[in-house]
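Dear colleague,

Please find the structure below, handed over for your own work. My notes on what was found in it follow directly after.

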Amino acid sequence: MHKEIPGMCKMNKLTEDMVAEDLVTVTLSIAEILTRTEIAPLDKVTVTKSSKISAIDKVTVTISLMIALLPAALMAQALPEKDAYVHEGVASCAASQCHGSAVPREGSGVFQNEYVTWTQNDPHSQAYLALGTEESAAIARRLGIEDARTADLCLDCHADNVSSKQRGERFQISDGVSCEACHGGAQNWLATHHNVPAVTHADNVAAGLYPTDQVQARAALCLSCHLGTRDKFATHRIMAAGHPRLAFELDTFTELWRTAGRQPHYRVDADYGERKSAPGHSYTWGAGLIADGRHRLALIMGPAFSGDALFPELGLYDCHACHRSMKTVQWRSLPRHGGAGPGVPFINDSSFVMIVVLARALDADNADAVASSVTRLHLAGSRSAAAIQAAATELDAELRRLQGDLSEGRFRDRERQILAEILDFGAAGNFLDYESAEQAFMAVQMLVFELRDDELQAEIDALGDALQDDERYRPAQFARLLEKFAVAE
Ligand code: HEC
Ligand code: HEC
Ligand code: HEC
Ligand code: HEC
């Protein structure tokens, strides 16, 4: 599924292939990824219990009750980069009887060849190596850094850059975005986690395994590098030194990455559903968008956004608001900009825009309130950094409310409705900016896949083509394609 990703992404041409399990022996570059369809949407949500809640006094009882009542997904979990465990290194996972099998193992719950998949096809295994290229050397030079391979500024996202005392004997920084960069330090679960069924997934999580199956936890993990955090961020300064622009959507990126190899990283089947949370695509998309939106707002509310500089952190703005040809005038007053005139650069609102569309499709009570808050954020943009931050706080409260109401069930059989809402919104010309068109593309692709409507594939391809070059994006053409799309439906 998830075929083509627009100009932003190196994983350009994806060809769909319906082969299910067997190994396909073709050589694939990242640029032509074979994708598989093997999704068993399950509503079952395994709730991870926090082992830390031992209720003694009344206060603790109340708090732990509150925590127990919260969806597990909303519980804050230390990211692998911030956990308290020793990271044992990829070599500790790579033995052939563990995760280094050459081919998927029969009769095992997991493939056991994750190491091979990761080494051969996962971009994350190349993330450290990417810091050794001429491209990175040039970025480093412009930033006045001696070597990107030793700079925390780069290693924080391109490797498992935990503190030296957390690095086990077999740990190597050159492993890049390693198993434990996503699954958490294995110190307390390495020796026991394969003991299935005596040791459950919940036991592993209690021992420090990061709950990558939980949609909120996964969003926080991926976003920590694909958008950034307060502690590590691909700033406008880094971008201007030559770093590629970052874009993200949880479901699309999960699928692109999961199926990047000849063998998927994991497979969601009945057995998986017994053990773990297995959210469907549309829910992953929706929950991922809200997580993305809130994550952005947290960055806007944070100290790095305004600082003392003349300009706020431009990495959080719509890049194409400033970086676009002067010979074309695309500006048009959009309702969400609340009457702000031409020449005003806007915060990158691509995830907020999609959230508004989603909220409308789901008939969420606060859809209009979210939309007005987005407008207030834009209007605040021509006042002051403080005004932006106040508006961000307000919008975040709306998103939190929406997040609280979101459940897998609300997405069931709503794909057509959500798709129609996106198409209408787009046909009306609202995807004027490349960033939101890119988000719309990823959403439409995911929904068409969910609807299993092969007829629409040519139109998906046409949409993807229209986005190939972000600097030559033509909004009117994109709007026409969406309009046509709606007709074909
Ligand atoms: C906030 C996290 C973050 C930081 C900080 C960061 N990067 Fe990246 N970098 C990424 C991500 C994510 C990608 C992949 C982007 C994509 O393709 O969607 C990437 C991609 C790249 C690429 C392109 C890789 C390729 O295979 O073509 C280079 C080169 C690069 N980064 C170098 C650097 C250097 C040098 C630094 C330090 C100055 C740095 N990065 C800092 C997250 C980061
Ligand atoms: C970019 C993040 C990332 C990296 C790097 C990564 N994984 Fe995963 N892994 C995930 C996610 C996300 C899932 C799916 C959610 C889940 O099952 O927890 C997963 C699932 C798995 C599963 C579970 C399959 C199942 O059926 O339960 C295994 C086993 C696994 N990974 C092993 C590895 C090993 C070994 C490595 C290193 C060679 C590795 N992973 C690297 C993110 C990652
Ligand atoms: C520790 C930081 C980190 C984490 C966590 C992380 N990534 Fe990445 N990711 C990167 C970097 C860096 C690259 C670029 C690697 C390169 O090209 O050399 C990348 C590349 C990718 C790519 C390829 C993009 C392209 O343009 O080719 C996809 C897809 C991706 N990541 C998905 C995910 C998903 C899904 C998650 C969460 C399950 C995740 N990543 C978690 C750092 C991270
Ligand atoms: C408010 C306007 C504004 C926004 C928004 C903005 N930039 Fe910039 N950008 C600038 C300015 C001003 C420069 C400096 C131009 C120069 O060096 O002459 C610059 C420089 C750059 C350069 C170096 C260009 C060169 O010729 O050296 C790159 C690359 C870049 N920005 C990327 C981005 C990306 C990616 C984003 C979005 C995350 C972004 N910019 C958002 C105004 C902006």
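The largest nonpolar core of this predicted model comprises 84 residues. Ile355, Val356, Ile422, Ala443 and Val444 have the most contacts inside this core. Its main contributor is helix α19 (residues 434-451), which gives 11 residues. Both domain 1 (1-76 + 212-489) and domain 2 (78-210) supply at least three residues each to this core. Leaving aside residues up to four places away in sequence, Ile422 touches Val357, Ala440, Ala443 and Val444. There is also a second, separate core of 10 residues, and among its members are Leu131, Ile139, Ala159 and Ala181.

Ala427 belongs to helix α18 (residues 415-427). Is Ala427 buried or partly exposed? Ala427 has 19 C-beta neighbours inside 10 Å, whereas a buried residue needs 20 or more, so Ala427 counts as partly exposed. Between Ala427 and Gln477 the C-alpha to C-alpha distance is 9.9 Å, although 50 residues separate them in sequence.

The shell around ligand 4 is formed by His236, Met239, Ala240, Arg245, Leu314, Gly315, Tyr317, Cys319, Ala321, Cys322, His323 and Pro345. Here the elements that give two or more residues are α8 (236-240) and α13 (319-322). In terms of class, eight residues of the ligand 4 shell are nonpolar, three are polar and one is charged.

Finally, some figures for the protein as a whole. The protein has 21 helices and two strands. Of its 489 residues, 43% count as buried. Among contacts with a separation of 6 or more, 70% are between residues 24 or more positions apart.

With kind regards

Note on methods:
Residues numbered from 1 in each chain as written. Chains lettered and ligands numbered in written order. Predicted model: local features only at pLDDT ≥ 70, side-chain atom pairs only at ≥ 80, totals over all residues. Near = placed C-beta within 6 Å. Helix = DSSP H or I, 4+ residues; strand = E, 2+ residues; numbered from the N terminus. Nonpolar A, V, L, I, M, F, W, Y, C, P; charged D, E, K, R; others polar. Buried ≥ 20, exposed ≤ 12 C-beta atoms within 10 Å, placed from the backbone. Contact = placed C-beta atoms within 7 Å. Core = buried A, V, L, I, M, F, W, Y, C linked by C-beta atoms within 7 Å. Domains from an automatic or database assignment.
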